[in-house]
Structure formats: structure tokens, C-alpha cells
Amino acid sequence: MHLNKIVPGQKANLTFRWQEKTLEFSATIVGMADSGPLIKPFRYKGNTIGLADVRRSDIVVDLFYVDPGTGERVGWSNIDLRKIEYEGKIYYQVQAKNILGLHSHSAERRNDVRVELNLPGTVIDLRAQKRYNAKYENINSGGVAFSMNEEDAIFLGKKVEIRFDDMVQDVSYPVKAECTIVRREHLESGRVLLGCRINRSTKTCQLYIFLKHAENTANIRRGL
């Protein structure tokens with residue numbers, strides 16, 4: 001689901017995560033501006049709370065929402081939340097930090113943090129036994145997203161095997177998992193983004209995800 005397709009009037013949850021703490025607020029989508037959905041602001045003693053003014057790199061803001069069309073709980077991770085004036089009123093506006101953030105992912109695992117990647121790899125169509133080049137965008141214990149050239153893009157419902165290599169703490173991790181394609185979106189670059197549900201992964205894959213998230217968090221805190 002695209003971020004700008006959220007239906008006004010629906011309820012959502014905003015989650016602020018930093019270090020080991022999580023703070024969650026109920027929110028209402030009240031409208032849509034050109035660059036993102038508008039949320040009714042939180043007020044205390046008549047004043048709008050400046051949650052949207054947070055710019056600390058160690059605070060991650062997520063939006064969770066139930067898609068009225070499917071009933072599926074979906075989410076957008078690591079979003080920007082800005083306080084703006086629109087038609088004479090103050091709102092929080094939700095904006096994605098990059099093109100991938102415009103597209104929702106399954107949010108059934110509320111604490112399952114998505115690890116951002118930017119890695120080359122391959123994907124194998126298990127039925128056709130064809131191998132394609134791919135760029136891996138992000139991963140968590142339940143799913144993975146990668147992009148491909150449009151002419152190679154695999155169809156929804158296909159079972160695939162993902163493969164890529166990465167280094168964590170100077171140790172090489174060959175990541176491999178069997179997945180099902182559940183989401184297919186065209187990107188402005190002309191490539192196709194494919195979202196997968198992980199059906200079966202190795203212990204190496206799960207350990208990699210955990211360590212990679214820990215490494216990314218430490219790098220953010222050091223300002224790298």
C-alpha cells in the first residue's frame with residue numbers, strides 16, 4: 001500500500017523508538033496534502049505538542065494502520081513527522097524519508113525492526129530454476145525486499161530463494177532463505193520493488209539480521 005493512499009478518517013498508531021524504549025500514541029488520519037497524510041495533532045493544555053519537531057537521529061518513528069480494503073495491519077518504518085500549517089490549521093504530516101518508505105510492509109510483528117540494506121545479490125525462481133540479479137533493500141525476520149530490472153521482475157505468489165553476502169563485525173554472513181513474493185511495486189527509477197514473506201530461513205540468516213540491526217544502531221549513535 002502506498003503512503004499517499006491512506007484513507008482519511010481512519011485510526012492509526014504512531015510509535016517512537018529510541019534505545020530500548022517505545023512510546024506509542026493513537027492517531028487519526030484527517031486528510032491528505034500533496035506530500036503526505038495529515039494527522040490530527042496532540043494537544044496538552046491548549047498547546048500542540050511538538051512531537052513532529054524531533055530530529056534526533058536515534059529516534060525512529062513508525063506509523064501503523066489497518067488497510068480497510070484487506071483488513072491487514074500494515075506499517076511504514078522510519079518516517080518523518082513534521083508539524084505544518086495547512087488551510088489555516090496545524091497538523092502533523094507523515095512523509096517517507098526515501099522512495100522505499102512510501103510502500104507499506106506487513107506490521108503484524110510490532111517489534112520486528114526492519115534492517116536497511118543496499119547490497120547486490122541473486123534471487124532464484126524455485127519452480128523455473130532461473131537465477132536473476134537483484135539489489136537487496138531491507139530485511140527483517142519475517143520479510144525481505146529487493147529490486148530488479150523490470151524485464152526480470154518475478155510475479156506475485158512465486159516461491160523464490162534469496163541469496164546475498166554481507167559483513168558484520170568483520171565476519172562474512174552468506175544470507176539465504178526461501179520466500180514467497182507478496183508485493184510488487186514499480187519504482188520511479190524504472191525498476192520493480194518486490195516484497196517477500198520469508199517462509200523458511202537459516203539460523204545464519206536470523207543471526208545476521210539481529211547482528212546487523214545492532215551494528216546499524218551503534219553506527220547511528222556514533223554518527224557514522
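Strands here are DSSP runs (E, at least two residues), numbered from the N terminus. What you see is a predicted model, in which local features need pLDDT of at least 70 and side-chain atom pairs count only at pLDDT 80 or more, while totals for chains, interfaces and linings use all residues. Residues are numbered from 1 along each chain as its sequence is written, and side-chain values use heavy atoms, with hydrogens and water left out.

Select glutamine 95 to begin, which lies in strand β9 (residues 89-95). Glutamine 95 is buried, with a relative accessible area of 14%, where buried means under 20% (1.4 Å probe, protein chains only). Now show its contacts, meaning heavy atoms within 4.5 Å: beyond its neighbours within four places in sequence, glutamine 95 touches Leu3, Ser35, Ile79, Asp80 and Arg82.

Next, colour the strands β11, β12, β13, β16, β15 and β14, which in this order close into a barrel of 6 strands with antiparallel pairing; two strands pair if DSSP finds at least two bridges between them. Zoom in on β11 (residues 115-125) and β12 (residues 130-139), which run antiparallel and are joined by 9 bridges, and find aspartate 125 opposite lysine 130 in β12.

Finally, how many disulfides are there, if a disulfide is a pair of cysteine sulfur atoms within 2.5 Å? The count is 0. Select cysteine 196, which is in no disulfide, the nearest cysteine sulfur being that of cysteine 179 at 4.9 Å; cysteine 196 is buried, at 5% relative accessibility.

Notes
Helix = DSSP H or I, 4+ residues; strand = E, 2+ residues; numbered from the N terminus. Buried < 20%, exposed > 50% of the residue type's maximum accessible area, 1.4 Å probe, protein only. Disulfide = S-S within 2.5 Å.
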